[in-house]
Each structure stands twice: as C-alpha cells, then as structure tokens.
Amino acid sequence: MAKPLDTISMPVSLPFTLSLVGLLIAALSFVAGVSTAANFSQFLLTVMAGAGLAIAFAYALISLFDSARPAMIVSALLGCAIGLALGSAGAAVLGIILGVIAARLVFWVHYRQYRRGLPTYLTSNQVLWHYGFRSICGAIFIFLITPILVVLPLSFNAEDFFTFTPEMLRFDPEGYSLKHYRDFFTNNEWQRSFKNSLIIAPIATIISVSLGTLAAIGLSQSHVPFRRAIMAMLISPMIVPLIISATGMFFFYASIGNWLEGSLGFNKTFVGYIKVILAHAVLGIPFVIITVTATLVGFDRSLTRAAANMGANPVTTFFKVQMPLILPGVISGGLFAFITSFDEVVVVLFVGSASQKTLPWQMFIGLREQISPTILAVATILVVISVCLLTTLELLRRRSERLRGMTPS
Amino acid sequence: MKLTKTLLATTALTVFAGAVTAEEMTIVSWGGAYSASQLKAYHEPYSEKTGVTILNDTSSAEAVAKLRAMSEADNVTWDVVDVVAADAMRLCDEGLALEIDPDKDLAAAPDGTPASEDFGELLVSPCFIPQIVYSTAFGYRTDLVGDTPPSKICDVFDLEAYPGKRSLEKRPINNMEWALLCDGVAKEDVYDVLATEEGQDQALAKLDTIKDSVVWWSAGADTPQLLADGEVVMGSTYNGRLFSVIEEQKQPVAMLWDAQVFDLDGWIIPAGLSEERKARALDYIMFATDTQRLADQAKYISYGPARLSSAPLVGKHAELGIDMAPHMPTDPENAKNTFLYNYEFWADYRDDIDAKFQAWLAK
C-alpha cells in the first residue's frame, strides 16, 4: 500500500477548520434560535453562543489530540456526561452519538479527509459542490421521509393524543403501548371499514386492469381512429380535479343506483358497493392504460403475426403470446389502481354511504372528529403495506428489464 | 385466471352475504366521545331489542350540505341525523327534514306528562327532537396558569395575567358575545350592541387585542389535543370534550364555566324516506328519546338530558363511577353566568357577521 499523498494527510490551516465548524454549528443554532428564541437579541445570542462554543470545542480537540479515535472517545464521554446531567438515559445516548459525530467532523475537516476518494485534481469549489450536492439530496430525502417516520413512534403512544409525552422521550416503557393497534383490531368501525376496503379495492382493481389493458392494446393499434382523443378521454380522471369528478359521480351514480334499486330490486347495500367499485375502477383505469401502453412500446408486433401464421386465433395469441410479455406492465398498473382505490377518500365520501365506509374515510373522520392515535396505528400498517407493494413493483420492473436483456438500473 | 375467478366469486358472495342479513339503518352523528355515548346509551340497546343493525356515519358537521345534495339526487341514504338546533331549523325551513308531532311520535314521561311538556321550550323547531343541552365553555391547563387560575371569562382576554396561546372557534358565534362582555357591555345589551355595525367593530377590536395569541379551531377535538399538548393555556370547546380530557384522560386541565353558552343538539329525520324506513326511524326516535335513555346518555358524557323528567335519573358515570351532576353544564354551581345560543339573532345576522369575521381573520 502506497502512503497517501502528503497533500491529503497534511492538516489544513487551523482558522479554516475553526471557521467551517463554527459556520456549521451557527447554521444549526440558527434553526434552534428561530424555533425557541423570544426576540432578536436572544436569537442572536443563541447563534453566537453556538458558534463560539463549537469553535472552542474544535480548537481544544485539535490541540489535545493527534488522531480522531481518542478524540471521539473523549467527546462521546463528554456528551454522555452532559446527557446524564440533563437527567435521562435518552439524552445520554443522544449525547454519545452527537459527541462521536462532532469529534469525527472536526478531524474529518482538519485532516482533509474529505478529499479522500475524490480525484486529486478537483478544485476546492468542485469539492464543495460534491458535498453540497449530497447535502441537498439528503435534505430532500429527509423532508420526504420524516413526516412518515414521525408517525411511527407516535402510534405506540400510551395516551389518547398526538403528543410525544415526557415518558416517551425518556424511553420509559410506561409511555408506550400497543393499545391503538388493539383498538384497530377490535373496534367494529375500524374492522368494518378495513373489510370494506379489502372488498372494494381488489374488485375495482380487477375491473380497471381488464378494461385498461384492453384499451391500451386497442389504442396501440395504428388503424384506430381518434386515438389521441380517446386516450385523453380515458386519462381524464387522473387530470380532472378529484372533487369535480366526485361531484359528477355523485349525481351520475345516484340515478344509476336508484334505477338498480327501483327497477331491478337490488339490495341497497349491494348497490352501494357497485357504485363505489365502479367509481374507483374509473379512477384506476388511467394508471393501467399508461403502464400497459409503455410496455407495449417494447412489444414486437411480428410475434402476433408469427402466432397467426401458425394457426393461433387472436384470443389464443393474446393469452399465450402477448399477455405474458406485457404482464409486468399490467401488474404494475394493477398495483397503482389498487393503491388508488385503497387510498381514495374524496370519491367514496360522495358516492358511498355509511355501509361502504372505507379505511381512508374512517381515518378522515377520525382525524377530524377525534384525533385518536388509532389513525396513526392504521397509518403505520398502511405504510408497511405500501412499502411491500412498491418493493414488489420494483422487483417486477427489474425482472422485466432482465428478461429484455437490459441491466436493471 | 382460475385464481382471479375464485377471488371474484368469493368476494361477490361476501358482498351478497353481507347484504342480505339483518335490517340496517344509518345514523349520522358527530363522532368522538359523543358518538360513543350514543352507541352505548341508544344504539346497542336498540339493536338488542329489535335486531336492527345500526351503521354510524359521522357527517353531522356537513349535514345540511349533504342532505341538500342527497335530496337533489333523490338518494337519501341517512335515516336519522344528529344536528344542532340551528341546523335543524334550516333543514326544516328547506323541507329537508320531517315534521314530527311530539305527543304522537315521542314517548310520554313515566308519570304520564306528554312529551311536548316534558321537553317544553326546547322544542325549538317542528322537525327537531331535542336530545341534549351542551355548552361551549373554556378549559385551562392547571399547570400553566400560575397560582390564581382563571375564574372569569375576561381572563381569556387578559394576556398579562395569563400569557400564552388560547384556542377559539373559527367563527364569530360566541366569540363576539364574549368579546363585548369583556369590553364593558352589559350582558343584557350584548345582542343589541352586536346588531349594530359599531358593535360588531367593537367586538372585533376587542378580539384584535388577543388575535396574535389565538389558535383557531374548527373541530371539537382540536382544543382537547391542543390542551393536552400544552400548546395552548386555555381554549373553548364543547364541555363534554373537556370532561373527557379531565376525567377520562386525566390531563392537568380544569373548567372555566363562566359565560358558558348553552346550545341544543338533537335528532331530525330526513324528508323523503320510504314508508318502511320512515317507520323504522320513528321507532328508533321513540325509543332513543324516552326519559330513561336520555338519562342513560349522561352516564357516558357530561351533557344535560333535554327532558325535565330525565334530570333526577342522572347518576354516576358508567365506568369511572364519579357523580355526573357537578360536571353538567346545567349544575347550579356551573350555571351562575350563562348564555343561551340566540337562534333568532344569529339566523338574522349570521351571514353578515360571518363575512366580517372572515375578513377580519384574513387581515
């Protein structure tokens, strides 16, 4: 192993390290100051004190230690001590983590370790952009994912409010409970709506997958007239604001429902299900059309001609030749259609009646009228289900790309 | 393909099986602790007695709009709806609610007093069957108000003695009255003053003094959540919600009953039901508003029963075993200084004052 280049292991100038660390911490204190300080002078004080303390800390570490490891241990112990002084195990753990990160950061900056792994010819601006870009990506990821992550621990709350209680923050087992999960699995209203969602979503999905696939195949034939207009019409449920579609559907399905009940004598509840399922199927069709159309682009038409040449009728050709090849697109469209129906609250509020109350509906009214953490428990369960579905989707996509001889990206 | 077929068949069967079982009726209410009390006091005994399955919808907040749409589409899916008296009056005026005859359609008191006398002046509309008297009052965090807890409504407007946020309902009703009361207007003059432009400006000017410290709520569950979080030091909401926070959730919260505003809540039956559904709805109403049932509801939530004959039957909380009387808004200790929601005034002025209030909020 060759020794790293001198320029890399040599420390940067002390003022550079100190000012960089100071700036970073000032930025963090800026956030803290905005959220806690009562007036401007207090805010200024928070930022200055944060930066000053950080500079002093970094200076002490650099002058006392030669390498990162002992500095990290000492800093972790310091963090632990401060955490314990503040009086809880949770704070001590947090202190250790922050201590390690802080010491690591100081040495990382001071000994130019940020240059490691990067081409040596990069200018300092390029290095800055390299890390700046990563920070921006990280921030976007955090903003997308934190709202969901916040929900998870709250769903184990032992109290009936959306609150991080002091017990929870102390990691006291007393502060946590599974009672909201128990409530979900034993409460009739939640169970009924869960059952309704499980009835409505799959049937709506089957309908939208069948109709959407047929439409996509038809629209991919070059001899079909007004293809673009028809396509636009079929996609419109995705584009028209949902509340408008919902209002229209309310009146449309109300008269269909009245006819089914009045002339054909169907049961009211049954008709209610039909209405919601049809409405959801309409919402799901655009997703299926789009994904299937996309897969059909890669479908080789000469295969159908070859099948016809060998005596297969169009139906056999479809099921034996075309369907297996476009199946990944059909399935991902189906998953989107399923999630659309499973997550949908506006249309079902309009079209459905209380006996068709779906899970999102129950969550919506629960949030508005009750603010009970059972909603969070359900949300957690739904997030887990969605993650599973999306993982399946991604795996299928990779499989299809492998089958077509591409390297999955 | 086979799997799909089997799935289809089974789900279709489940739907059918679910559909052909017992009779169903949809009852619309407000959700939360309130619906839970109705479930225990009315729905469960009624289902047990008649075998009717009761579906709970919690759309009372938008009952007027939804009933209008349903009646336009000729597709009324609700059988009995719980609304506040003001909404009942509107629905009745628009012909969306069924008019009832109290003495024929409602049970008489156990001693034979006819329903019209037992409910008395609470029968504010021919379509409205009163159920409870509730009040909008304040709750405050006992640990955040210092040594002298608030005792007067004007403490809400006193930012020096009680710094911190307070939550108020996002509508002029109640807030305007309280503001005038604390701006030196005598209680009996409040509505005379509020009827004038200057009076409305005066009330808004008073509200302006605390505007920066107000969190506005629109659902009854908001204030309990805010109080539990310590986000506000005091806030108005329905007294039953506060009871639940204080006694059931054991939060450090106490009541400020001063200048509480009484209002009525009750049932209406939508107009245009089929004869069969109408008969069932009337049967339910007859059952659910008799003397014992109304008293039973007070075992679960601290709202006063609307019948005179129910009052003596109010006892202890069904689960906590505490006396319910001191938690009732109508208890003499709590009802020293009260308002009654002024239906006539707000029917006349609501649109104007609402517009003004919303404009003021947006400023």
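## Two chains and their contacts

In chain A, the C-alpha centres of domain 2 and domain 3 lie 35 Å apart. This is a predicted model, in which local features need pLDDT of at least 70 and side-chain atom pairs count only at pLDDT 80 or more, while totals for chains, interfaces and linings use all residues. Residues are numbered from 1 along each chain as its sequence is written, and chains are lettered from A in the order in which they are written.

Let us begin with chain A. Its domains, with bounds from an automatic or database domain assignment, are domain 1 (5-117), domain 2 (155-186) and domain 3 (187-403). Where domain 2 of chain A meets domain 3 of chain A, the contact takes 10 residues from domain 2 and 11 residues from domain 3; two residues are in contact if their C-beta atoms, placed from the backbone, lie within 7 Å.

Chain A also meets chain B: 27 residues of chain A are in contact with 30 residues of chain B. The table sorts two contact sides by residue kind.

Now for chain B. The C-alpha atoms of chain B fill a box of roughly 70 × 60 × 45 Å along the principal axes. Among chain B contacts between residues at least 6 apart in sequence, 72% join residues at least 24 apart.
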